[in-house]
Amino acid sequence: MDLLKKLEDCKKRFDELSARVMDPNLVKDVEKYKDVMREHGHLSELMELYGEYKKMLDGIESDTELITNEDDHDLKEMAREELKSLEEQKPLLEEKIKLQLIPPDPLDEKNIIVEIRNGVGGDEASLFVADLYEMYARFAEMKGWKYEIMNSTPTEVGGYKEISFSLSGKFVYGTLRWEGGVHRVQRVPATEAQGRIHTSTVTVAVLPEASETDIVIKPEDVRIDVMRAGGPGGQCVNTTDSAVRLTHIPTGLVVIQQDEKSQIKNKAKAFRVLRARLFDLEESKKRAERDAARKSMVGSGDRSERIRTYNFPQNRVTDHRINLTLYKLDQFMLGYMDEMLDALNVYAKEEQLKADVSELEHD
């Protein structure tokens, strides 16, 4: 990869976009405006690195010239020391630039719907569903994101059989996109008299929220059933037909919403979830086609893949995809997840860069 040539091409593109953002007609097309501003923002960060890189290359050239042509011994020594320092920094800056050259995924800016379901472990698994929900809710609060419970099925022990919630804010999907998969917990349940460690699992799905323009649902493709809400407690439970079940006939996807007392609100939420699941289905197909000839970046994203272990006796959380272990599970469960999430995103970019370079070499 000729890095300088690539950066010069990006500079031309940046100049084009800088002129476009000044065009008052651009804001009339909201989607186009978002796309242009996203690319312009990405390239502006790259241009800062480009300026730094050019300054470094000029310094290397200047020092090399001094060492070759200068008679003053002290000046030569100073140039040698500076040249050594610049040459040590150069590969680090080049690696940073290469990672920044990877264009952002348009999905990264999307809001998400997170679905957490208990797996193996009965009551203990349902309690961990609740724990994970609390963890993500705390993390969202730290980020200044908004969250809203979409649907939940509580259990008698205080956990959830399943819970789904939406998160909206800046760079939500880009931050949490790698959370999908099987999360395993190892701890002594409160009900365990012998103090034995139990292993339970829950599954997490992270669905980018789709707008009505992303996914068009034909009315004739959806069967809508209304029913009485079930579950523990609540004045409206089993008294009104407020729960809504949507069945998407072409795919067989079924969505049930019953948390709201209003049938209209449950229906609106159900369509949001259905749209997100259909969008995820489409993106999964594209991803499968794209990754057919390359190794997946950070696992498959499949819900059956075990991605992380939470070991409470050792205060340890381990992500198996990047072999990262942190001995601060107590803090992690309070929402301090940045170290793990940042490592996942950097690893994903590095793997994508390797795949892109490999593809270029084989072209």
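The axes of helix α1 (residues 3–20) and α2 come within 8 Å and cross at roughly 135°, with axes taken as lines fitted to C-alpha atoms, for helices over the stretch in contact, and angles running from 0 to 180 degrees between N-to-C directions. That makes α1 oblique to α2; angles under 35 degrees count as roughly parallel, over 145 as roughly antiparallel, 65 to 115 as roughly perpendicular and the rest as oblique. This is a predicted model, in which local features need pLDDT of at least 70 and side-chain atom pairs count only at pLDDT 80 or more, while totals for chains, interfaces and linings use all residues. Residues are numbered from 1 along each chain as its sequence is written, and side-chain values use heavy atoms, with hydrogens and water left out.

**Overall composition**
- The chain has 8 helices and 11 strands; helices (H or I, at least four residues) and strands (E, at least two) are DSSP runs, numbered from the N terminus.
- Of its 363 residues, 40% count as buried, where buried means under 20% relative accessible area, exposed over 50% and partly exposed in between (1.4 Å probe, protein chains only).
- Among contacts (heavy atoms within 4.5 Å) with a separation of 6 or more, 63% are accounted for by residues 24 or more positions apart.

**Helix packing**
- α1 passes α2 in a left-handed crossing, a term for a near helix turned anticlockwise from the far one by less than a right angle, right-handed being clockwise.
- The α1 residues that meet α2 include Leu3, Leu7, Phe14 and Leu17, and their counterparts in α2 include Val36, Leu43, Leu46 and Tyr50.
- The residues of this α1–α2 contact divide into 13 nonpolar, 3 polar and 6 charged; Ala, Val, Leu, Ile, Met, Phe, Trp, Tyr, Cys and Pro count as nonpolar, Asp, Glu, Lys and Arg as charged, and the others, Gly among them, as polar.
- Helix α2 (residues 30–69) and helix α3 (residues 73–101) have axes that come within 9 Å and cross at roughly 155°, which makes α2 roughly antiparallel to α3.
- The crossing of α2 and α3 is left-handed, and the residues of their contact comprise 14 nonpolar, 5 polar and 10 charged.

- Beyond its neighbours within four places in sequence, Tyr310 is in contact with residues including Phe128, Leu132, His183, Val317 and Phe332.

**A buried strand residue**
- Thr201 is found in strand β5 (residues 198–208) and is buried, with a relative accessible area of 19%.
- Leaving aside neighbours within four places in sequence, Thr201 is in contact with Asn118, Gly119, Val120, Ala125, Val182, His183 and Arg184.

**Loop residues**
- Most residues other than glycine have a negative phi.
- Asn315, in the loop between β9 (306–311) and β10 (316–319), has a positive phi near 55° and is partly exposed at 26% relative accessible area.
- Asn323, in the loop between β10 and β11 (324–326), also has a positive phi near 55° and counts as exposed at 69% relative accessibility.
- Arg228, in the loop between β6 (222–227) and β7 (243–248), is partly exposed at 48%.
- Arg228 and Ser242 are 14 residues apart in sequence and 5.8 Å apart in space, C-alpha to C-alpha.
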